[in-house]
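Here is my note on the model you sent. Please read the points with the structure open beside you.

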Amino acid sequence: MLQIGYISLFFSALCSAIASVLLKYPDKVGILALSTNPVLIKFPAIIFYGAGFVLYSLGLKDIDVSKAYPVMVSFAILQVLLFGLFFGESITIKMILGAAFVIIGILLISLK
């Protein structure tokens with residue numbers, strides 16, 4: 001059965017990935033494209049990072065930190081790669097293999 005902690009970690013990583021996209025591509029994300037104020041442009045990313053932190057702390061209620069952080073990072077790696085593809089970044093086989101090795105390593109240390 002899937003623990004609520006893993007769901008929290010998935011959404012924590014998603015918030016972090018979204019925040020990264022908002023920092024990298026503010027000109028391509030809705031209303032942010034209309035502003036030139038650097039504080040207003042970064043504010044949504046700060047909100048997403050904060051939400052990710054809250055979700056991560058909720059995940060820690062069910063999962064040991066030695067497992068929670070690596071799992072959350074593996075989710076974030078996959079999500080950032082997907083967002084990169086969506087925003088037209090070139091994803092190389094080297095990047096995919098590197099991400100796969102990191103995720104395999106994370107899975108190995110997360111196994112009981």
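1. Ground rules. Buried means under 20% relative accessible area, exposed means over 50%, and partly exposed lies in between, with a 1.4 Å probe and protein chains only. By that cut-off, 30% of the 112 residues of the protein chain count as buried. This is a predicted model, where local features need pLDDT of at least 70 and side-chain atom pairs count only at pLDDT 80 or more, while totals for chains, interfaces and linings use all residues. Residues are numbered from 1 along each chain as its sequence is written, and side-chain values use heavy atoms, with hydrogens and water left out.

2. Overall layout. The protein chain has four helices and zero strands. Helices (H or I, at least four residues) and strands (E, at least two) are DSSP runs, numbered from the N terminus. The order from the N terminus is α-α-α-α. The C-alpha trace spans about 50 × 35 × 20 Å along its principal axes. Contact means heavy atoms within 4.5 Å. Among contacts between residues at least 6 apart in sequence, 73% join residues at least 24 apart.

3. Helix H1. H1 has 21 residues. From first C-alpha to last it reaches 30 Å, close to the 30 Å expected at 1.5 Å a residue. The expected span is 1.5 Å times one less than the number of residues. The buried residues of H1 include Gly5, Ser8, Cys15 and Leu22. Its buried residues pack against H2 and H3.

4. H1 against H2. The axes of H1 and H2 come within 8 Å and cross at roughly 165 degrees. That makes H1 roughly antiparallel to H2. Axes are lines fitted to C-alpha atoms, for helices over the stretch in contact, and angles run from 0 to 180 degrees between N-to-C directions. Angles under 35 degrees count as roughly parallel, over 145 as roughly antiparallel, 65 to 115 as roughly perpendicular and the rest as oblique. H1 passes H2 in a left-handed crossing. A crossing is left-handed if the near helix is turned anticlockwise from the far one by less than a right angle, and right-handed if clockwise. By class, the contact of H1 with H2 has 15 nonpolar, seven polar and one charged residues. Here Ala, Val, Leu, Ile, Met, Phe, Trp, Tyr, Cys and Pro count as nonpolar, Asp, Glu, Lys and Arg as charged, and the others, Gly among them, as polar.

5. Helix H3. H3 covers residues 65-86, which is 22 residues. It reaches 31 Å from first C-alpha to last, close to the 32 Å expected. Which helices do the buried residues of H3 pack against? They pack against H1 (4-24), H2 (38-59) and H4 (93-110). Among the buried residues of H3 are Lys67, Pro70, Met72 and Gly84. Just after H3, glycine 88 takes a positive phi of about 80 degrees.

6. H1 against H3. The axes of H1 and H3 come within 8 Å and cross at roughly 45 degrees. That makes H1 oblique to H3. The crossing is right-handed. The contact is made by residues including Tyr6, Phe10 and Val21 of H1 and Phe75, Gln79 and Phe83 of H3. By class, this contact has 15 nonpolar, two polar and no charged residues.

7. H3 against H4. H3 and H4 pack at an angle of about 160 degrees, with their axes 9 Å apart. They are therefore roughly antiparallel to each other. Their crossing is left-handed. In H3, the residues that meet H4 include Lys67, Ile77 and Leu78. On the H4 side, Val102 and Ile109 are among the partners. The class count is eleven nonpolar, two polar and one charged residues.

8. Serine 74. Leaving aside neighbours within four places in sequence, serine 74 is in contact with Ile103 and Ile106.

9. Leucine 81. Leucine 81 is also found in H3. Its relative accessible area is 18%, so leucine 81 is buried. Beyond neighbours within four places in sequence, leucine 81 is in contact with Ile91, Met95 and Ala99. Leucine 81 and methionine 95 are 14 residues apart in sequence and 8.8 Å apart in space, C-alpha to C-alpha.
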